[in-house]
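Please walk me through this model. Start with the sheet, then turn to single residues.

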Amino acid sequence: MIKAILIFNNHGKPRLSKFYEHYSEDTEQQIIRETFHLVSKRDENVCNFLEGGMLIGGSENKLIYRHYATLYFVFCVDSSESELGILDLIQVFVETLDKCFENVCELDLIFHVDKVHNILAEMVMGGMVLETNMNEIIMQVDAQNKMEKSEAGIAGAPARAVSAVKNMNLPEMPRNINIGDISIKVPNLPSFK
Amino acid sequence: MSPTVRLQEMIRVIRSARTQGEERGVIQRECAAIRAQFRQADNGGRSHNLAKLLYVHMLGYPAHFGQMECVRLIASPRYNEKRVGYLGAMMLLDENQDASLLITNSIKNDLAHSSQYVQSLALCTLACMGSAEMCRDLAPEIDRLLRASSSYIKKKATLCAVHIVRKVPELGELFTPAARALLAEKNHGVLHGAIILITELCERNTQTLVQFREAVPELVHIMRGLVTSGYSPEHTVAGISDPFLQVRILRLLRILGRNNDTASDAMNDLLAQVATNTDSSKTAGSAVLYETVLTVMDIKSESGLRVLAVNILGRFLLNNDRNIRYISMTSLQKIVMTDHNAVQRHRGTIVDCLKDQDASVKRRALELSLALVSAINIRSMMKELLLFLSTCPPELKSHAASGIFNAAERYAPSQRWHIDTILHVLTTAGGDVRDETVPNLIQLITNTSQLHCYTVHKLYRALVADISQQPLVQVACWCIGEYGDSLLRGECEETEPVQVTEDDILDALETVLQSHMSSPATRGFALTATMKLSTRITENVDRIRSIVSIYGSCIDVELQQRAVEYNALFKKYDHMRAAVLEKMPVMDRSSSGQTNGESGGGGVQELEPTKPKQPEVVVAPQPASQVCDLLDLLSGPDEPSLPGTTLGPASSMTGSAGGDLLDLLGGLELTPTLPTVPAAVTVYEKSGVCLKLSCERPLDASQTITLTATNASDHDITAFTLQAAVPKNVQLQMKAPSGDALPARSSASVTQTVLLHNPNKVSLKMRVRLSYISQGSTVQDTVQIDSFPSPGL
């Protein structure tokens, strides 16, 4: 079972924290600090596995982490999970984020925390691995986002307009629009991206 | 407007705060605004506010006032409000909060919603934070969803079922048939979830395990399909077809095949196929191979397969990738208990890993090396381990030190080697050893009397070199105190003797006494050692006297007390000094570690001053109480027992907390209080056979009766047995007799204990039948006992 998933940057600021076991708020923050402390001490070319800190269960739990540029992705798991499997799972997670956000960077994670949570909810549920196929995950997340947008009503109009124009395929538009006795000639606009 | 825009504004503002205090201020203002908005009635921006609150919560600020808002949002019909509400529920609510019960109904309604995304939100939340009551309420819904819905929902429902089974194990039976049916699914996501569910069910309940053993062929078939299938774009990771699923199936096969031959047979071929065909150049392949190896070692596989598995692990050990090496050592740790020899082959590589830079790899290598130590390789392994100890990271030092001690104790090839090893550990890692090392070492030294000379020389040298390692200094002081005379004699067979004078020794001890680095316990050791030397050396007794009297006014109460007592020993009881400060006898190993009260008597009875070379043990009761104190080197403050006031040994014994081993001399005096022999009544006497009865310990309803039989005639009696009958309502229990032979002329007796339980307090009567063989003929007789003697105690 996965006990916690933490993402924090090189200075220890949390970018995402999801706990699958109940801890009090103070303990959660302490765990984040302790994990950052343990993980930041690690050299670059050592293995990606660590014994868990005291607060999160000591030596029964392992911390499996990956360091990407400025972010640490840490999964705290117990002995029932395969360590190499979780390492691969982190890779799949990051690739999914990359696909969803288009060249994801730390700022994307900062400003779209709720979206990251939604993507994570499609991959890991209740501490167990739900889906590992990237395309499947992305498909579901897109469908849910569409549902949200369709509900946004009038308030979502500007956003919808922008996305509609973005998706518009200008070269396919008719050159001449004839309605009754009105004839409009559509100018040849450059493609709008 | 989507909730994220306003959230982004807030995030931007928070990030622009330059100091922690500024950030706190911004967040407090925002929280106040959010709280005000929550209190308002229906408000279009509720989801934004909750999203902002969740961000603030992640940063670590209190957010519990958002809980009711979560409940309200979950009940809303709009999807994006539900989404944020459920996310908030997962982050802010848990089973201890009362608000979590309020969402049960919403979850129930949402589980039956038409949109599968709403259903999935509900399932996700239930799986994350569902309490036992919620799980019980909603389990039938989950079961329904397991059977008839899209694969998207089925997948989520299976994991939700796993959570329910974890919270409420009894509901496992509800899900078993559905789980079985799910094995036929094609969708990998659903299959993955189903395997997890079956694994959880099998781990919790052995009947389910037996049931699922029948599914082994099905699992083998699925696995085979995965292994032999070609490239499938959806599931392939680095050339392996869905490694996550393969790993899960292998794990389940491991659980099903454990201790079961038929299941294991069915898996053998498959495991061999996986082991040989999987490409281990990437992590994915290695993960599958690793899981295969663990499965092979755990089930009853054939030996060829086991050899293959251990070879794979060996190959992993030599891999350049540190992750793989770590993993292989973890798995070797698991199998070292069962297949010790196979792992021994890789000992060289493992010992090399001790020198790796990576702390995790070092830790694994240390544990594995300690497990691999055996009588054959002890010397070489110890060399490596000691080398490791001097260079290892501080968090591993105490673990390594205690592991070395255990190994040395079990497999020491010679006592001198043992002492050398312990001394080496104390000099390199003295600060990290456990507390009981010092008494253990002292006991070891005392017991190897032929090495006293050698030991004291080595310790003296170590003491002179460095007095910072407290355990080492304590042991050294003790040894010098005990065996200082052999140090002065200046001759030693085992090692080059040190030419010391008495002044040198006293200088060394004084340095320890005065140094800032010495802990109070160490100074106590040093003071006592100085005192003991007063009998061993001849010239500088005055110097010792002066040292001891100086400490009579020391601030530390323990030292002061000791010094005062020793002073008194010099002044008033000089005639006893030699006897008091005699050498310690050999300590009995079995009485170590027991507290004083009970063991004092017991341990001592076994103790005999065996070595004739050892001077006799002090027997006089008076000095014994001071001996207790003197030898209470490890204990806390003693009761002040000045020499001369002979307290019973019991009182001085109870004062000392830790000085178990060294209190044995005091215990000599403890005349064990034998239970007073209760009055014995003769109940039967005929032809020389006499049966006596005595009662002890009447508790309210039960009594213990001892029947003693003696034979005063001139002929031996054999096959002597007693049978007893008691009135109704009394329960009788006869213990085994001490024997059945009664030699002639009352030279020995047979006793038998009888337990009577008399809950109704009827008047006790007993009929006893004796039978025995005397002079070749069997004799039987009955005697009625109507009145029982009052118990003696």
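Predicted model: local features only at pLDDT ≥ 70, side-chain atom pairs only at ≥ 80, totals over all residues.

Residues are numbered from 1 along each chain as written, chains are lettered from A and ligands numbered from 1 in written order, and side-chain values use heavy atoms, without hydrogens and water.

Chain A holds an open sheet of five strands, in the order E2-E1-E5-E4-E3, with antiparallel pairing. Strands (E, at least two residues) and helices (H or I, at least four) are DSSP runs, numbered from the N terminus. Two strands pair if DSSP finds at least two bridges between them. At the edges are E2 (14-19) and E3 (49-51) of chain A, each pairing on one side only. E1 (residues 2-9) and E5 (residues 71-77) of chain A share seven bridges. A:Ile7 has A:Phe73 as its bridge partner in E5(A).

Helix H1 (residues 25-40) of chain A packs on this sheet and touches E1, E2, E3, E4 (62-68) and E5 of chain A. Contact means heavy atoms within 4.5 Å.

Now chain B. B:Arg248 sits in helix H14 (residues 243-257) of chain B. B:Arg248 is buried, at 14% relative accessible area. Buried means under 20%, exposed over 50%, partly exposed in between (1.4 Å probe, protein chains only). The residues that B:Arg248 touches include A:Glu81, A:Val129 and B:His192, leaving aside residues up to four places away in sequence.

Back in chain A, A:Ile179 lies in strand E8. A:Ile179 is exposed, with 57% relative accessible area.

Key: Axes fitted to C-alpha atoms, helices over the stretch in contact; angles between N-to-C directions.
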